[in-house]
Amino acid sequence: MKALIVEEFGDSSKLKYSEVPKPEPVEGEVLVKNEICGLNYLEVMIRDGYLPLEALGSGFPLTMGVEAAGVVEKVGANVSGVTKGERVAYAVVGSGAHAEYAKVSASRLVKVPDEVSFEQAATSMIQGLTAHYLVHTTGRVKAGDKVLIHAISGGTGSLVCQVAKNAGAFVIGTTSTEAKAAKAREAGADEVILYSQRDFAEEVNRITDGKGVNVIYDGIGKKTFEKDFECLAIQGIVVSFGLVSGPPPPIDVEKLAKGSFSICRPMLFHYIANKEDLEWRSSEVFNWIKTNKVKFGDFTVLPLSEGKKAYELLGSGKSTGKILMKP
């Protein structure tokens, strides 16, 4: 089968579209024929070597990819509740999802309703589930809250915006261009700040009459983290869930006393660690799609054979919505 692999960690030049052995499911596993593969900053971090090979369950050559949606091709021994031909999706580190086929533990699969496309399903598994836990569990957003979302026009930012709006929040977003700002407004943002032109903390304080926001969703990291506290409301929380610009610097905890601030550094996989949470969150996200409460439609789809181009597009910061690859 064809797959996107690396034989050493590094930039996108290390990616190769190559022939590799088709995996064979063992006890408790399922072989999935991938119809669409998702691309996230997590895969960029894996490609760059932020995670050790032991954590990925593989040596080199390493098949890339964490997230995909497709059809069950084969079922291993002692697997119940999953049958050949079913539509499924998954997000599993070490699964080698950027390939024509991947074997996955049956316990980490979710079934995809007929009303949900493979593109929407793949997007749901990391970005959709992330939006769910960030808004409803980590940030506990409620009606009347004011929320700041960095990189609001990106795939995750757009979904967090929609989910926060559905919870009744007033949403402020940051982005780089007018075109991206228009995308953010389409997603429901009440105010959009062009960080390339204005100081985002000053603008947030202007918009909120100096009171700041209750929750800040920061997937950027190093470039924005310290400034977040300049526009955070009393008892507000900074949710640092991404490292696009690098890890945030260490912080003196006494700085939090200025407003009884809180910080959270959450990881999606802790919020879907058990089967019950995975099924609960994914079913709610799929229901949002079916009832048009959240729109999962801004996709850029490239052939898996153009994997280098897809990774470079994600890293360039010029994309909006979700980048997907078709095997």
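**Exercise 1. Which residue has its charged end over the ring of Phe118, and how far is that end from the ring centre?**

Solution. The structure is a predicted model, in which local features need pLDDT of at least 70, side-chain atom pairs count only at pLDDT 80 or more, and totals for chains, interfaces and linings use all residues. Residues are numbered from 1 along each chain as its sequence is written, and side-chain values use heavy atoms, with hydrogens and water left out. A charge sits over a ring if NZ of Lys or CZ of Arg is within 6 Å of the ring centre and within 35 degrees of the ring normal. By this rule the charged end of Arg87 sits over the ring of Phe118, 4.5 Å from the centre. The charged end of Lys22 is placed over the ring of Tyr101, at 4.2 Å from the ring centre.

**Exercise 2. Describe the pair formed by the rings of Phe9 and Phe60.**

Solution. Rings of Phe, Tyr and Trp (its six-membered ring) pair if their centres lie within 6.5 Å, and planes under 30 degrees apart count as stacked, over 60 as edge-to-face and the rest as tilted. The count by this rule is 4 aromatic pairs. In one of them, the centres of Phe9 and Phe60 are 5.0 Å apart and the planes stand at 70 degrees, so this pair is edge-to-face. Next, locate the residues, using helices (H or I, at least four residues) and strands (E, at least two) that are DSSP runs numbered from the N terminus. Phe9 lies in the loop between β1 (2-6) and β2 (15-19), and Phe60 in the loop between α2 (53-56) and β4 (62-63), so the pair ties together parts that are 51 residues apart in sequence.

**Exercise 3. Is Phe9 buried or exposed, or partly exposed?**

Solution. Buried means under 20% relative accessible area, exposed over 50%, and partly exposed in between (1.4 Å probe, protein chains only). Phe9, at 24% relative accessibility, therefore counts as partly exposed. Phe60 is also partly exposed, because its relative accessible area is 36%.

**Exercise 4. Describe the aromatic pair of Phe229 and Phe261.**

Solution. The pair is tilted, with 6.0 Å centre to centre and 45 degrees between the planes. Phe229 lies in the loop between α7 (225-228) and β13 (232-240), while Phe261 lies in the loop between β13 and β14 (262-264), 32 residues apart. Both Phe229 and Phe261 are buried, and together with Phe225 they form one aromatic cluster.
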